[in-house]
Structure formats: C-alpha cells, structure tokens
Amino acid sequence: MSLGNQYLTNITADQYQGLLERIVMSTLTTVPCFVFLFINGVMLFTLRSKAVFRETSRYVLLFNLLLADTLQMAMCQILYLLSTGRMTLTYTVCGLLLIVAILTNEISPLTLVVMCLERYVAVCYPLRHSTIITTRNTAVAVIVVWAVGSLHILARVILMLEFPFEELESLQMKDLCSDKMLFRGPKSDVYDKVHTCLLFVGAGVAVSCSYIGVMIAARSASTDKASIRKARKTLLLHLMQLGLSLSSTIFNPLLIHLSTILTRIEFVRMTNVLYVCIFLFPRCLSSLIYGIRDQTIRPVFMYHLCCRLKLSVVRAKAQVDFVK
C-alpha cells in the first residue's frame with residue numbers, strides 16, 4: 001500500500017502556500033496527532049496495567065492493534081512534517097522510516113482479522129473457546145501477524161534493489177522522502193496494487209464470514225443472545241475499521257479528482273483536511289471505541305486518562321507559578 005504519495009502530493013501543491021499558512025496547516029495537523037497519540041498512549045498503558053488485560057486474548061490483540069496504529073500515526077506525522085518543511089533525508093534514513101510505516105500499516109488489517117476470528121470462536125464455539133483461544137495461541141497469532149508483515153517488507157526490499165543506487169553521487173536525497181522515490185520500478189507498482197487488493201479482499205472476506213457465522217449462530221436457541229448481539233456489534237465495528245484502513249488507498253485518486261475542480265490553494269487545504277480524516281483519525285478509533293464501549297476497560301481507561309490530564313494541568317500551573 002502506498003504511503004509516501006500523500007506526503008509528496010501535499011508538498012507538490014505546498015509550493016503555492018506562504019510560509020505562514022504552511023505553519024498554520026502543520027499546526028492544525030500536528031495538534032490532533034498529538035491528542036490522538038496521547039489517547040492511544042493512555043490506552044496502551046491501561047492494557048498493560050492489570051493482569052486481566054495482559055492475560056485475556058482479545059485485550060492482547062487490541063494492544064497489538066493499538067501499538068501498530070500508534071507507530072503508524074507517528075510515522076505518518078513525521079514524514080508529513082519533513083515534507084512540509086521541505087527537508088530531505090539520506091536514502092538510509094528515508095528507507096528505515098518507510099519500512100516502519102509500511103510494516104505497521106500491514107499489521108492493522110491482519111490483527112483485525114484475528115480479532116474477528118476470536119469473536120467468531122467465542123460465539124459459535126463457546127465451550128471450546130478457552131481451549132482454542134489461549135494466551136499461548138494468541139501469542140503465536142501475534143507472531144504470525146508480524147511475520148507476514150515482515151515478509152511483505154522483505155518483498156519490498158527486494159524490489160527496491162531495482163533502484164539505481166550505483167548511479168548516485170551521494171546518499172543524500174534530492175527529493176522528498178517517499179516510497180515512490182525508492183520503489184520506482186514497474187514491478188514495485190504492480191506488486192503494491194496486487195498486494196493491497198489481496199490483503200483487503202482477504203481481510204474483508206474473513207470479517208464478513210465471521211459476521212455471517214455469528215448471525216447463523218444467533219438463530220440457535222441454545223446460544224447467549226446478549227453475547228451474540230455484543231459480538232455482532234463488535235464485528236461491525238471491525239468491518240468499519242477495516243473500511244477506514246482501506247480508505248487510505250483512495251487518497252491519491254480522490255486528490256487527482258479534486259485537483260480538477262478546486263483552485264490550487266483550496267486543493268492544498270482540502271489535502272490537509274483529508275490527511276487528518278483518512279490517516280490520523282482512524283488510527284485513534286480503536287482507543288475511542290474500546291475506551292467507551294468495553295465495560296472492563298472503560299473505568300480503568302478513564303481513570304488513567306483523567307489522572308494524566310490533571311497531572312499535565314498541575315505541572316503547567318506549577319511552571320507558570322515558578323516563572324512568576
């Protein structure tokens with residue numbers, strides 16, 4: 001899945017912005033990003049704060065999903081700010097940043113699939129759930145998810161060998177850091193499209209089949225209706241999360257269409273808005289969903305969230321008093 005295009009597109013049009021507006025736009029994207037990172041950080045801390053979260057499979061999977069989303073959000077914003085500031089990197093540093101961004105972007109849909117399968121087993125095979133979904137099996141599933149993501153990275157690195165590094169005068173990039181700058185060959189473009197299509201079609205089929213399985217189980221009189229309703233809502237939310245992840249693939253086609261109907265400065269502003277809505281907000285959605293819906297997480301999450309907000313206010317007030 002292409003990750004560097006949005007940063008490159010932002011700054012290709014960014015030449016039509018003044019310095020002040022670029023600073024304002026960067027601030028308007030950075031502030032929400034830090035808010036989302038703070039919320040995700042509190043949720044990650046919450047999921048490691050109690051044994052019940054560390055030993056329950058769905059919370060372990062949620063931690064893995066949030067970790068990938070948080071890293072992805074941070075990488076997106078770093079690359080965005082580097083592009084906004086028109087800062088060029090070395091090929092090595094750019095490659096490392098892109099590897100982390102691509103890897104974490106791969107982990108999210110794969111983890112959502114595993115979470116859906118866990119809910120399917122919990123509803124359709126409740127008596128065998130404790131023997132199938134164990135802590136050990138969950139750890140194996142997480143390892144497999146990261147291994148599959150790493151194989152994708154390995155394939156991208158192999159394709160990157162098409163880049164003519166021997167023709168470079170130095171390792172300092174002349175252009176902005178983007179995957180399109182490193183993965184230039186036609187094979188890379190074809191692989192990216194095929195992989196993205198297979199990943200999301202496969203993930204969509206898995207989530208949909210899990211939902212259908214839960215709906216079929218709902219017709220059985222022996223099943224827990226309340227548990228089925230909750231699982232059905234959870235699967236729908238996972239399907240929505242998967243759709244939001246998929247929305248990042250339409251970012252560039254959407255920008256191409258908008259560029260034909262908007263003025264240049266309107267296009268730049270719309271690009272920043274879409275960046276927040278498509279790339280940043282979905283990465284915080286899991287924390288908000290589970291922090292509000294889950295009756296076990298909510299009180300602990302709200303406790304840590306409020307305590308950290310109060311602590312930040314107290315520290316800020318203390319610094320002001322010290323300056324006075």
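I took buried to mean under 20% relative accessible area, exposed over 50%, and partly exposed in between, with a 1.4 Å probe and protein chains only.

I noted that this is a predicted model, in which local features need pLDDT of at least 70 and side-chain atom pairs count only at pLDDT 80 or more, while totals for chains, interfaces and linings use all residues. Residues are numbered from 1 along each chain as its sequence is written, and side-chain values use heavy atoms, with hydrogens and water left out.

**Entry on salt bridges**

I looked up salt bridges (a side-chain nitrogen of Lys or Arg within 4 Å of a carboxyl oxygen of Asp or Glu), and the count came to two. Side chains of opposite charge can pair when their charged atoms come close.

For helices I used DSSP runs (H or I, at least four residues), numbered from the N terminus. Arginine 156 is buried at 3% relative accessible area, and aspartate 192 is buried at 9%.

**Entry on cysteines**

I searched for disulfides (a pair of cysteine sulfur atoms within 2.5 Å), and the count was zero. For cysteine 33, the closest cysteine sulfur belongs to cysteine 76 and is 8.3 Å away, so the two are too far apart for a bond. Cysteine 33 is buried, with 2% relative accessibility, whereas cysteine 209 is partly exposed, with a relative accessible area of 47%.

**Entry on the positive patch**

I then looked at a positive surface patch, which is formed by Arg229, Lys230, Lys233 and Arg293. A patch is made of residues with over 30% relative accessible area and no salt bridge, with like charges joined within 9 Å and nonpolar side chains (Val, Leu, Ile, Met, Phe, Trp, Tyr) within 5 Å. Helix H10 (residues 225-247) gives the most to this patch, with three residues. Lysine 233 sits in helix H10, and I recorded lysine 233 as exposed because its relative accessible area is 53%.

Technical notes: Areas by Shrake-Rupley, 256 points an atom, 1.4 Å probe, with all protein chains shown as cover. Lys, Arg positive; Asp, Glu negative; His and termini not counted. Charge placed at Lys NZ, Arg CZ, Asp CG, Glu CD. Helix = DSSP H or I, 4+ residues; strand = E, 2+ residues; numbered from the N terminus.
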